[in-house]
Amino acid sequence: MMEKNERYIATATGYSEDGAGVTRINGIVIFVPGLLNGEEAEIGITKMKKNYGYGRIIEILKPSIHRVNPICSVYKQCGGCQLQHMDSDEQNIFKENKVKDCFHKIAGMDVEIQPIIKVEPHWNYRNKVQIPVQCNDNKVEMGFYAPHSNRIVQYDVCHVQTDLSNELTNYFRKQFDMLACAKEMRHVLIKHAHNTGEVMVALVVRNYPFHNSDILIKDVLANYPQIKSFVAIVNKREDNVILDGKEILLAGRHYIEEELLGCKFRISARSFYQINPYATRELYSKAIELACLTGNETLIDLYCGTGTMGIIAAKQAKQVYGIEIVADAIRDANTNAKNNNVTNIKFINADASEGAKQIIDAKIQADAMIIDPPRKGCSKDTIDAIVTIAPKRLVYVSCDPATLARDVKILSDNGYKLELVQPVDLFPQTVHVECVVLLERRKKWQDMNLEQSIRYLHRYLTT
């Protein structure tokens with residue numbers, strides 16, 4: 001049995017889902033973060049479990065041609081961008097295989113994956129950053145949490161954020177220190193619209209007003225005219241829910257505006273908006289393309305957020321219904337529809353399953369549905385409602401290939417056939433990958449295997 005600190009020579013033969021190199025030593029799998037596929041290295045054992053273990057690189061003996069030097073000074077400590085040591089080609093391979101492996105292991109499906117869609121820029125692409133604030137030994141700390149801890153890793157430059165977001169982070173760190181108000185701060189949320197240039201800053205605070213808050217507000221506005229929305233969110237909770245509590249307008253308006261695919265969208269502090277505006281253009285265009293809209297269809301946009309996809313798609317549909325649980329997002333969605341002169345869309349403020357039930361009760365016949373759930377995927381009630389609505393074409397957008405594969409398996413057992421899997425790299429330098437898949441409702445029993453036919457028949461007879 002291997003023990004901690006023992007050293008071995010090993011070669012990586014693949015990757016784990018979190019990007020660690022997979023090696024085998026004496027028949028036991030050892031995961032080695034930072035080791036690329038095909039690389040040979042001397043490794044030290046760091047932890048052993050019953051059937052597997054973890055190691056660290058001591059020395060790379062045969063480096064891969066795909067290895068590059070990470071440009072971030074806190075790359076290893078932060079853990080946010082796990083793939084900076086891979087070149088772009090290897091990141092593409094890793095993400096395509098990750099999606100394929102999830103479908104194989106979770107859904108039992110061997111699917112053909114389309115080549116990943118990846119667009120420039122691969123750096124400075126994020127439009128949002130949420131930075132925790134701590135005050136330790138009278139020193140203000142702002143950065144990201146180290147993996148599996150509440151310890152903040154400070155940085156001067158985060159290379160996936162915009163230059164302005166980095167500048168604002170450093171500015172607030174200095175101001176909180178100088179004005180002695182850091183202890184009232186919990187997080188700083190910065191949203192930077194890349195196309196319009198508008199900026200939102202939300203201070204998540206324990207109390208408002210806080211010490212020197214009037215001086216801070218005046219100084220922020222004098223130095224950063226790009227800030228069109230400056231708010232405080234008073235959060236007195238003791239858990240890890242961040243954007244909860246009363247929102248107070250400090251200056252400007254409660255929202256910023258951004259442009260996407262010919263439409264303008266309002267973004268508030270709590271509303272969801274995709275973090276990579278460049279790849280999002282490709283993602284949404286592909287999702288709407290797969291819905292095959294000709295102008296005569298009724299489209300359901302489930303988990304619609306601020307209405308982005310639904311409003312864009314409405315130009316090619318007869319009628320669109322958007323469903324979203326967050327009330328602030330629905331308010332923004334209605335305003336977004338009005339501002340874009342879209343009149344053939346209606347928004348429902350409800351969770352996905354309840355909203356879908358309202359569609360069923362209203363006897364609305366859906367030709368197509370686009371769903372974009374959170375990372376945890378769809379609940380059983382939501383999938384049941386989707387199957388009952390029975391759109392001909394179902395386009396599923398997902399940020400987690402594991403829950404995507406799980407839900408696709410359930411849908412395939414309930415009358416749908418998987419037609420296409422398209423990964424999109426919304427998160428360069430990280431292990432995360434977005435996917436859009438197309439499922440079509442089967443028209444013939446012959447299209448199902450025996451197990452799927454039995455499940456579908458059982459569902460039909462019991463509902």
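Is D351 buried, partly exposed or exposed? D351 counts as partly exposed because its relative accessibility is 34%. Buried here means under 20% relative accessible area and exposed over 50%, with partly exposed in between (1.4 Å probe, protein chains only).

## Basis of the model

This is a predicted model, in which local features need pLDDT of at least 70 and side-chain atom pairs count only at pLDDT 80 or more, while totals for chains, interfaces and linings use all residues. Residues are numbered from 1 along each chain as its sequence is written, and side-chain values use heavy atoms, with hydrogens and water left out.

## A negative surface patch

D351 sits in the loop between β17 (345–349) and α8 (352–361). Helices (H or I, at least four residues) and strands (E, at least two) are DSSP runs, numbered from the N terminus. Together with E354, D361 and D381, D351 makes up a patch of negative charge on the surface. Patch residues have over 30% relative accessible area and no salt bridge, and like charges are joined within 9 Å.

## Salt bridges across the chain

The structure contains 16 salt bridges, each defined as a side-chain nitrogen of Lys or Arg within 4 Å of a carboxyl oxygen of Asp or Glu. Side chains of opposite charge can pair when their charged atoms come close.

E39 is buried, with a relative accessible area of 0%, whereas R67 is partly exposed at 26% relative accessibility.

Another salt bridge is formed by E198 and R253, whose closest N and O atoms are 3.0 Å apart. This pair links distant parts of the chain, 55 residues apart: E198 is in the loop between β9 (185–192) and β10 (199–205), and R253 in the loop between β12 (246–252) and β13 (255–260). E198 is buried, with a relative accessible area of 13%, and R253 is partly exposed, with 24%.

## A further pair and a network

D244 and R237 also form a salt bridge, with 3.4 Å between the closest N and O atoms. D244 is partly exposed at 31% relative accessibility; R237 is partly exposed as well, with a relative accessible area of 32%.

Salt bridges also link E247, R270, D328 and R331 in a network.

Definitions and conventions: Patches are made of residues with over 30% relative accessible area and no salt bridge: like charges are joined within 9 Å, nonpolar side chains (Val, Leu, Ile, Met, Phe, Trp, Tyr) within 5 Å. Accessible areas come from the Shrake-Rupley method with a 1.4 Å probe; for residues, only the protein chains shown count as cover. Lys and Arg count as positive and Asp and Glu as negative; His and the chain ends are not counted. The place of a charge is taken as NZ of Lys, CZ of Arg, CG of Asp or CD of Glu.
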